Amino acid sequence: MAEISRRTVLRAGATAVTAFGAAPAHAADIGVSAEAFPLSAVSLSPGPFQANTARTHSYLLFLDLDRLLHTFRLNYGLPSSAAPCGGWESPTTELRGHSTGHVLTALAQAYANTGRAEFKSRGDHLVAELAKCQARASSPGYLSAFPESFIDRVEARQQVWAPYYTLHKIMAGLLDMHMLAGNTQALTVLTAMAAWVKRRNDRLTLAQRQNMLDTEFGGMNEVLANLYLLTGDPAHLATARYFDHAEIFDPLAAGQDRLNGYHANTQIPKAIGAIREYHATGETRYRDIATNFWTIVTRDHTYAIGGNSNGEYFKAPGRIASELSDSTCECCNSYNMLKLTRQLFRTNPQASYADYYEKTLYNHILGAQNPDSAHGFHSYYIPLRPGGIKTYSNDYHNFTCCHGTGMESNTKYADSIYFFTGNTLYVNLFIASELRWPGRGITVRQETTYPETPSTRLTFTGSGQIAVKVRIPSWTSGARLRLNGTVQNVPVTPGTFATISRTWTGGDVLDVDLPMALTRDVTPDDASVQAVKYGPIVLAGAYGTTNLSTLPTLDPASIRRASTPLRFTASASTGPVNLMPFYAMHGQRYTVYWRIR
Ligand SMILES: [Zn+2]
């Protein structure tokens, strides 16, 4: 999330998905070939993802909701004696209110995934209190912690941070409380907000709206397309299209990379909106915009950990080694890239999408939460300069964008492990979990300590004819599937799915072996600058309290496996060094990239 000062300087004068799963929709999404399971159908089992989730759950139950409502209430003349929040939720921060939207989404996801009533009751309370604020709005439907004059300012191209960005977070939170937690009042509040957005933008000319879109607006097109897919109300689709940003969409539709110099996380949600507008309309231009954006970003703007951006901005294509700093890889960007990837997999279930998902999930998102924090404090940037160190948020005095999307990421790990179409089951991720396939009486239990062990085991309960498609990652070689102990003679080509189609019976066990090896990720702009990986896992050098001013030189022939899984030793120009998974690197300085001789 760009700071106002920098954005204002750079822009002056010129210038959401939800795992809808099985929720009832007005019309089926157009152009979808695989569907996600609802969060309620998949439980996490013990492991690093469940541990992250538990910390975020604790935080969601700890938060004082009156403090999250304080600036909303003041904005509508309601009394509030709550202590104001700090950081980006302070009463003078122009982004105030965004975290309340993130909390609504996180509570809805936590409830859908666990069924624990305390998450829903807290979300219901927030919705009811926000509705009381909205009911007092002088402009019907307007719901915000800041005055509507901020919208005047963004329309007039006067200095203001990102008012529609914040409204999108609230709208997405309301939609999630409705779709995932069954809150009907949330839909009422949301549709009134959507009507307000439409009225506000109906008044503007096309040119005025397009100029306004130069200011970061989050996923307004996404949440309104999602709402249209729920309600079928053409007004919601028309309002979504008001947020189609031609300056970004036109080159993407033509397959052109014009991203250099653009604020990265301002653009990613626009592409998520585009794929949802494709699902809403069937217009292939929207699909092309989203797929071209994904290809350009993942191919030419992405670091070894799956993240993108330096100082929050896209750089020229292929600039990686030359863009290593303390402000690389804003966490929101990867949160949003995973949302986009998930929608693209639904659209076209290719293993390459799931490969990127795995890379970014393990190497960026999983390791962005501080495991020493009982409340799941979260990183903003992930420094990739040599000697970088992760830093984290706190309870009430941070509330950055990445603290917000971190709450969301860490309550929905169950949403992209399995997908299905008809009687075909996709196993995309190797995360300890249990899938209860709705309506089929089939349960799949996945037991694994992956990636510490390069294998997973699927045990079936119930019976039925199913084609099980297991992702064979592009990084493996010599993968093997064993059914009840017998090696299966099916293609196991890396970068595809291996398919076992049969009538499964209770107690069937499918073992999947995915051999891992040491590889190196070579940066496109300097072939001597590389990251070390073992299977999908980026290994970083552990440097304790030692800062580094240049990339250490690593002798790759010196890398030796240590006794602990995924731990290695090596010799570098700095001396002996321990290599460990970057996702587990906390509380000390590190290097992800090396000079390789
Ligand atoms: Zn962020």
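Tutor: One term before we start: buried means under 20% relative accessible area, exposed means over 50%, and partly exposed is in between, using a 1.4 Å probe and protein chains only. Also, this is a predicted model, where local features need pLDDT of at least 70, side-chain atom pairs count only at pLDDT 80 or more, and totals for chains, interfaces and linings use all residues. Residues are numbered from 1 along each chain as its sequence is written, and side-chain values use heavy atoms, with hydrogens and water left out.

Student: OK. Is Phe399 buried or exposed?
Tutor: Phe399 counts as buried because its relative accessibility is 0%. Its phi is positive, about 50°, although it is not a glycine.

Student: And where is Phe399 found?
Tutor: In the loop between helix 16 and helix 17 (401–409). Helices here are DSSP runs of H or I with at least four residues, strands are runs of E with at least two, and both are numbered from the N terminus.

Student: Switching topic: at what angle do helix 14 and helix 16 pack?
Tutor: At about 50°, with the axes of helix 14 (residues 284–300) and helix 16 (residues 351–365) 13 Å apart. The axes are lines fitted to C-alpha atoms, for helices over the stretch in contact, and angles run from 0 to 180 degrees between N-to-C directions.

Student: Which residues make the contact?
Tutor: Thr291, Trp294 and Thr298 from helix 14, and Ser352, Tyr353 and Tyr356 from helix 16. Contact means heavy atoms within 4.5 Å.

Student: What about Thr360, buried or exposed?
Tutor: Thr360 lies in helix 16, and at 0% relative accessibility it counts as buried. Leaving aside neighbours within four places in sequence, its contacts include Ile305, Ser334 and Leu338.

Student: Last one: what does Asp526 touch?
Tutor: Not counting residues up to four places away in sequence, Asp526 touches Ala321 and Arg595. Asp526 lies in strand 14 (residues 526–534) and counts as partly exposed, at 25% relative accessibility.

Student: And which residues does the cis peptide bond join?
Tutor: Tyr450 and Pro451, with omega about 5°. Pro451 lies in the loop between strand 6 (442–447) and strand 7 (455–461).
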